[in-house]
Amino acid sequence: MILPCLLVAPTDTMGRGVFTSESIPANTLVEISPVIVLSDGDRKLLDQTKLHDYIFEWGEDLQDCCMALGYIPLYNHSYSSNCEYEMDFDAHLISVKTVRDIEAGEELFINYNGDWDNNAPLWFDAL
């Protein structure tokens, strides 16, 4: 499930991102996408490729990884994100929900740390 108002478009500094063509209220579920779960061994191989930047740590111990389908891999990071994501390890799903009202034309961001308000440093220089 992806809200029909979401679209992928170029950004000024981050390649591509997920945007909305309509205003979206806070606490709105904007996407639910299946994931392909990969083993720790697969993760070590993927970490040597460009896909490293698009996979998510997965599982209760975060030793595995997953490749999310839908728009999930294209949400850019922000420490002041306007969305949060939730992982359902049993159902192999990731969902994205808004944490505040989002205006039409605005980019949707998630915090790659997992919690929308987590300011811990990442593996790259982030804003």
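User: Which conventions apply to the numbering and to the model?

Analyst: Residues are numbered from 1 along each chain as its sequence is written. This is a predicted model, in which local features need pLDDT of at least 70 and side-chain atom pairs count only at pLDDT 80 or more, totals for chains, interfaces and linings use all residues, and side-chain values use heavy atoms, with hydrogens and water left out.

User: How many helices and strands are there in the protein chain?

Analyst: Helices (H or I, at least four residues) and strands (E, at least two) are DSSP runs, numbered from the N terminus. The protein chain has one helix and nine strands. Read from the N terminus, its elements follow the order β-β-β-α-β-β-β-β-β-β.

User: What share of the residues in the protein chain is buried, and what is the accessible surface?

Analyst: A residue is buried under 20% relative accessible area, exposed over 50% and partly exposed in between (1.4 Å probe, protein chains only). Of the 127 residues in the protein chain, 37% are buried. Areas come from the Shrake-Rupley method with a 1.4 Å probe, and for residues only the protein chains shown count as cover. The accessible surface of the protein chain is about 7200 Å², and carbon and sulfur atoms account for 53% of that surface.

User: What percentage of contacts between residues at least 6 apart in sequence joins residues at least 24 apart?

Analyst: A contact requires heavy atoms within 4.5 Å. Among contacts between residues at least 6 apart in sequence, 66% join residues at least 24 apart.

User: Which strands pair with strand 3?

Analyst: Strand 3 (residues 29-38) runs antiparallel to strand 8, with five bridges joining them, and S33 has I94 in strand 8 as its bridge partner. Strand 3 also pairs with strand 5 (residues 64-68) in the antiparallel sense, over four bridges. On that side, V37 stands opposite C66.

User: How many aromatic pairs does the structure hold?

Analyst: Rings of Phe, Tyr and Trp (its six-membered ring) pair if their centres lie within 6.5 Å; planes under 30 degrees apart count as stacked, over 60 as edge-to-face and the rest as tilted. The structure holds two such pairs. F56 and Y85 are edge-to-face, at 5.4 Å centre to centre with 75° between the planes. This pair links F56 in strand 4 (residues 56-58) to Y85 in strand 7 (residues 83-88), 29 residues apart. Both F56 and Y85 are buried.

W58 and F89 form an edge-to-face pair, at 4.8 Å centre to centre and 90° between the planes. W58 lies in strand 4 and F89 in the loop between strand 7 and strand 8 (93-98), 31 residues apart.

User: Why does W58 count as buried, and why does F89 count as partly exposed?

Analyst: W58 counts as buried because its relative accessibility is 3%. F89 counts as partly exposed because its relative accessibility is 22%.

User: Where is R100 found, and with which side chain does the side chain of R100 make a polar contact?

Analyst: A polar contact is a pair of N or O atoms within 3.5 Å; within protein, one must be able to donate a hydrogen and the other to accept it, and residues adjacent in sequence count only if both atoms are side-chain atoms. R100 is in the loop between strand 8 and strand 9, and its side chain makes a polar contact with the side chain of E106 (2.4 Å). E106 is found in the loop between strand 8 and strand 9 (107-110). A polar atom of the E106 side chain also lies 2.8 Å from the backbone nitrogen of E103. Leaving aside neighbours within four places in sequence, R100 is in contact with I24, P25, A26, N82 and E106. R100 and P25 are 75 residues apart in sequence, with 6.7 Å from C-alpha to C-alpha.

User: How many disulfides does a search of the whole structure find?

Analyst: A disulfide is a pair of cysteine sulfur atoms within 2.5 Å. The search finds zero disulfides. The sulfur of C65 is 7.0 Å from the closest cysteine sulfur, in C66, and therefore too far for a bond. C65 is buried, with a relative accessible area of 0%.

Conventions
Pairing = 2+ DSSP bridges.
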